[in-house]
Each structure stands twice: as C-alpha cells, then as structure tokens.
Amino acid sequence: MSIALKQVFNKDKTFRPKRKFEPGTQRFELHKRAQASLNSGVDLKAAVQLPSGEDQNDWVAVHVVDFFNRINLIYGTICEFCTEQTCPVMSGGPKYEYRWQDDLKYKKPTALPAPQYMNLLMDWIEVQINNEEIFPTCVGVPFPKNFLQICKKILCRLFRVFVHVYIHHFDRVIVMGAEAHVNTCYKHFYYFVTEMNLIDRKELEPLKEMTSRMCH
C-alpha cells in the first residue's frame with residue numbers, strides 16, 4: 001500500500017465519529033471474529049456466512065456498522081472531487097438517478113446534488129445506528145421487530161454510494177492507489193447483502209456488469 005494511501009486510510013477521514021462496539025459484549029466478539037476472517041485473507045464469500053449458533057440480528061448489526069464506517073471513509077477520500085458543479089444530481093450514470101426522502105425535511109423524493117445527498121445519507125444512517133432502540137448495545141436488550149427492514153434500507157442507500165463512486169469518481173480512486181481497497185470493500189459488501197438477502201436485486205442493476213466480472 002502506498003504511503004499516501006496509508007495516510008488516507010489511517011487518518012480517519014470519516015466525517016463523523018465511528019460507532020464502536022463495547023469490549024466484552026457479544027457484538028464486540030463477533031466484530032473481532034469478522035475482522036480476523038478478513039485479515040487472514042479468507043475467502044470473502046465464506047467470511048460473510050452467519051457463524052453457527054450466532055444470532056442473525058447481531059451478525060447483521062456488526063456488518064451494518066462496519067460497512068457504514070468503511071463506505072463513509074471511501075466517500076471521504078473522493079468527496080473534494082464530488083461537488084455541486086461536478087455532480088448536480090445524485091446519479092449512477094445516465095440511467096439511474098437517486099432522490100432523497102427522509103420523512104423529516106424531505107417528505108417526497110427530492111432530486112439533490114450528490115454531495116448534499118451523501119451528507120444527508122450519512123447523517124441519517126448515523127442517527128439510526130446510534131439509536132439504542134434500533135441498535136441496542138446493552139446485553140439482553142432485544143432488537144426491534146422491524147430491525148432487518150431498517151438494515152435493508154441502510155444497506156440499499158450505502159450501495160448507492162458505491163454506484164456513484166464507481167461510475168463518477170473511479171478515476172480519483174485509481175489516482176490515489178485505492179482501487180484494490182475499494183474493490184475488496186465492495187466485494188465484501190456485495191457477498192454479505194446477497195448471502196443475507198438484504199438488498200433488492202433491482203438495486204444492484206447499475207453495477208451488474210462490473211459485479212459479474214469481480215464477484216464470481
């Protein structure tokens with residue numbers, strides 16, 4: 001890894017504080033196990049499978065938080081090149097445009113410049129994962145009944161970050177020497193959401209050709 005790239009990934013370029021798992025909790029152990037599998041160079045397809053005897057919601061929670069942190073970091077590395085001038089709409093090529101809706105300020109799907117959409121998206125996810133009623137951190141506190149539905153929405157929106165980065169800013173990723181890192185993160189994400197059935201197939205369409213080459 002180049003020195004410049006090391007600085008990018010070590011100097012926490014996330015826009016916001018990371019959600020950490022408390023040491024000693026079940027989720028912290030799962031987080032460590034998931035990280036260890038990745039670091040050992042294990043097959044990513046195998047790494048995303050739910051370990052036997054573990055709770056599905058715990059496994060999903062660990063991955064959602066991890067993907068949020070990592071995708072946030074990836075966008076952070078190219079965000080200075082993603083401006084209202086370069087990206088006046090949040091899109092993935094000419095065929096796909098994403099509109100923002102959050103039931104707060106934006107009650108209806110609204111076309112926004114990509115950087116504004118990204119900031120709203122990251123803020124919205126951060127609120128979800130820091131909400132104890134959705135992502136409980138205390139041992140024994142159950143997940144809400146609609147937990148997987150919320151995670152599906154989070155993951156669907158995170159996928160759109162990949163779409164935008166790959167289609168509109170991949171030249172910057174290459175210049176920074178971050179291509180292998182971004183590709184590995186994408187493969188890990190793709191295998192996880194498909195293994196756990198957490199994303200609608202039509203959402204995957206914009207990167208379908210690239211995915212078929214990258215993820216066999």
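**Where α6 meets α8**

Guide: In this predicted model, Leu155, Leu158, Phe159, Phe162 and Tyr166 of helix α6 touch Val182, Asn183, Cys185, Tyr186, Phe189 and Val193 of helix α8. Sorted by class, the residues of this contact are ten nonpolar and one polar, with no charged residue.

Two packed helices are described by the angle between their axes and the distance between the axes. For α6 and α8, the axes come within 12 Å and cross at roughly 145 degrees. The angle is taken between N-to-C directions and can run from 0 to 180 degrees. The crossing of α6 with α8 is left-handed.

Next, consider a charged residue of α6. Arg160 forms a salt bridge with Glu203, and the closest N and O atoms are 3.0 Å apart. Arg160 lies in helix α6, residues 147-168, while Glu203 sits in the loop between α8 (179-195) and α9 (208-214), so the pair ties together parts that are 43 residues apart in sequence. Are the two partners buried or exposed? The cut-off for buried is under 20% relative accessible area. Arg160 has a relative accessible area of 13% and is therefore buried. Glu203 stands at 14% relative accessibility, so Glu203 counts as buried too.

The loop that holds Glu203 runs between α8 and α9, and Asn197 is found in that loop as well. Asn197 has a positive phi of about 55 degrees, although Asn197 is not a glycine. Most residues other than glycine have a negative phi. At 57% relative accessibility, Asn197 counts as exposed, because exposed means over 50%.

A further salt bridge joins Asp200 and Lys202, with 3.2 Å between the closest N and O atoms. Asp200 is partly exposed, its relative accessible area being 43%. Lys202 is exposed, with a value of 59%.

Arg70 and Asp66 are both part of helix α4, residues 56-78, and are four residues apart, about one turn of the helix. Their side chains meet in a salt bridge, 3.2 Å from N to O. Both Arg70 and Asp66 are buried. The structure holds five salt bridges; among them are the Arg160 pair, the Asp200 pair and the Arg70 pair.

Asp103, which is not a glycine, has a phi of about 65 degrees. Asp103 lies in the loop between β1 (99-100) and β2 (110-111).

Finally, the setting of these parts. The protein chain has nine helices and two strands, in the order α-α-α-α-β-β-α-α-α-α-α along the sequence. The chain has 216 residues, and 50% of them count as buried. Among contacts between residues at least 6 apart in sequence, 74% join residues at least 24 apart. The chain exposes about 11200 Å², of which carbon and sulfur atoms supply 52%.

Key
Residues are numbered from 1 along each chain as its sequence is written. This is a predicted model: local features need pLDDT of at least 70, side-chain atom pairs count only at pLDDT 80 or more; totals for chains, interfaces and linings use all residues. Side-chain values use heavy atoms; hydrogens and water are left out. Buried means under 20% relative accessible area, exposed over 50%, partly exposed in between (1.4 Å probe, protein chains only). Contact means heavy atoms within 4.5 Å. Accessible areas come from the Shrake-Rupley method with a 1.4 Å probe; for residues, only the protein chains shown count as cover. A salt bridge is a side-chain nitrogen of Lys or Arg within 4 Å of a carboxyl oxygen of Asp or Glu. A crossing is left-handed if the near helix is turned anticlockwise from the far one by less than a right angle, and right-handed if clockwise. Ala, Val, Leu, Ile, Met, Phe, Trp, Tyr, Cys and Pro count as nonpolar, Asp, Glu, Lys and Arg as charged, and the others, Gly among them, as polar.
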